[in-house]
Amino acid sequence: KNDQKTAKQEAKAAGASASGAETQVSAEIVEPESTRLLRLQADFDNFKKRTIRERNETYRRANEDLMEELLPVMDHMELALTAAAQHDADDAMVAGFKMVSEQLRAVLGKFGLTLIDATDAEFDPNVHEAISHLPSPNVPENHVMIMTRRGYKLGDMLLRAAQVVVSSGDPSAASDEPALSADEPQEESEV
């Protein structure tokens with residue numbers, strides 16, 4: 001009996017040390033499991049953020065593509081209104097075209113489309129595309145004389161630059177400066 005008691009006590013002690021070892025092992029397993037769980041949660045948060053960012057980018061690009069396709073329509077509406085005014089078209093028809101044009105601009109404006117007004121502005125290469133330079137006594141140098149095609153922005157992004165003719169300044173001011181003729185000798189500078 002003593003041997004049996006001793007064997008049982010030893011088994012209990014061995015079981016206790018085994019359960020202590022299991023507890024230690026399970027604590028070691030729990031630590032990596034919690035770390036793995038935190039990593040999974042961080043990965044999922046990153047996935048959600050990336051998905052939202054990609055959806056917004058897709059939405060922005062779709063709007064951009066649509067706006068680019070509608071810009072020629074808006075240009076033609078403007079040309080039609082200008083031509084109608086020059087050729088004494090029916091006032092009711094011109095008023096109808098103006099209403100449709102304004103409505104189209106208002107709808108596109110709701111989605112972030114804004115006009116670039118280049119009239120009498122200083123030339124800015126970030127929003128203007130110079131197609132020509134002409135002398136002008138009335139318009140200061142590097143200012144827009146004529147806007148040939150309207151520019152547009154979508155939010156903060158330039159969608160299409162305004163095409164402009166830029167003043168090269170007063171031509172008479174340039175002629176006031178003495179010009180060297182080919183017959184006059186030029187002074188050589190000493191180096």
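**Chat about a predicted model**

User: Which residue does Glu57 form a salt bridge with?
Analyst: With Arg61, and the closest N and O atoms sit 3.2 Å apart.

User: Where do Arg61 and Glu57 lie?
Analyst: Both are in helix 1, which covers residues 2-86. They're 4 residues apart, about one turn of the helix.

User: Let's switch to Asp75. What does its side chain meet in a salt bridge?
Analyst: Arg160, at 2.9 Å from N to O. Asp75 lies in helix 1 while Arg160 is in strand 5 (residues 157-160), so this pair ties together parts that are 85 residues apart in sequence.

User: And Asp75 itself, does it count as buried or exposed?
Analyst: Buried, with 15% relative accessibility. Arg160 counts as buried too, at 12%. The cut-off for buried is under 20% relative accessible area, and that's why Asp75 at 15% makes it.

User: OK, Glu78 next. Which residue forms a salt bridge with it?
Analyst: Arg105 does, with the closest N and O atoms 2.7 Å apart. Glu78 is in helix 1 and Arg105 in helix 2, so the pair ties together parts 27 residues apart in sequence.

User: Where does Glu78 come out on relative accessibility?
Analyst: At 26%, so Glu78 counts as partly exposed. Arg105 is partly exposed as well, with a relative accessible area of 28%.

User: Which residues do salt bridges with shared partners join into one network?
Analyst: Glu57, Arg60, Arg61 and Glu64.

User: How many salt bridges does the structure hold?
Analyst: The structure holds 7 of them.

User: New topic: Val164. What's its place?
Analyst: Val164 sits in strand 6, residues 162-167. Its relative accessible area is 0%, so Val164 is buried.

User: What is Val164 in contact with, leaving aside neighbours within four places in sequence?
Analyst: Quite a list, including Ala118, Phe123, His128, Ile131, Val144, Ile146 and Thr148. For Ile146, the C-alpha atom is 5.7 Å from that of Val164, and the two residues are 18 apart along the chain.

User: And where is Ser101 found?
Analyst: In helix 2, residues 91-110. Ser101 is buried, with a relative accessible area of 10%.

User: What does Ser101 touch, not counting residues up to four places away in sequence?
Analyst: Met77 and Leu81.

User: Let's zoom out. How many helices and strands does the protein chain have?
Analyst: There are 3 helices and 6 strands. Starting at the N terminus, the order is α-α-β-β-β-β-β-β-α.

User: What share of the residues in the protein chain is buried?
Analyst: 18% of the 191 residues. The accessible surface of the chain comes to about 14800 Å², and carbon and sulfur atoms account for 54% of that.

User: For contacts with a separation of 6 or more, what percentage comes from residues 24 or more positions apart?
Analyst: In the protein chain, 64% of those contacts are between residues 24 or more positions apart.

Conventions:
Residues numbered from 1 in each chain as written. Predicted model: local features only at pLDDT ≥ 70, side-chain atom pairs only at ≥ 80, totals over all residues. Heavy atoms only, no water. Helix = DSSP H or I, 4+ residues; strand = E, 2+ residues; numbered from the N terminus. Buried < 20%, exposed > 50% of the residue type's maximum accessible area, 1.4 Å probe, protein only. Contact = heavy atoms within 4.5 Å. Areas by Shrake-Rupley, 256 points an atom, 1.4 Å probe, with all protein chains shown as cover. Salt bridge = Lys/Arg side-chain N within 4 Å of Asp/Glu carboxyl O.
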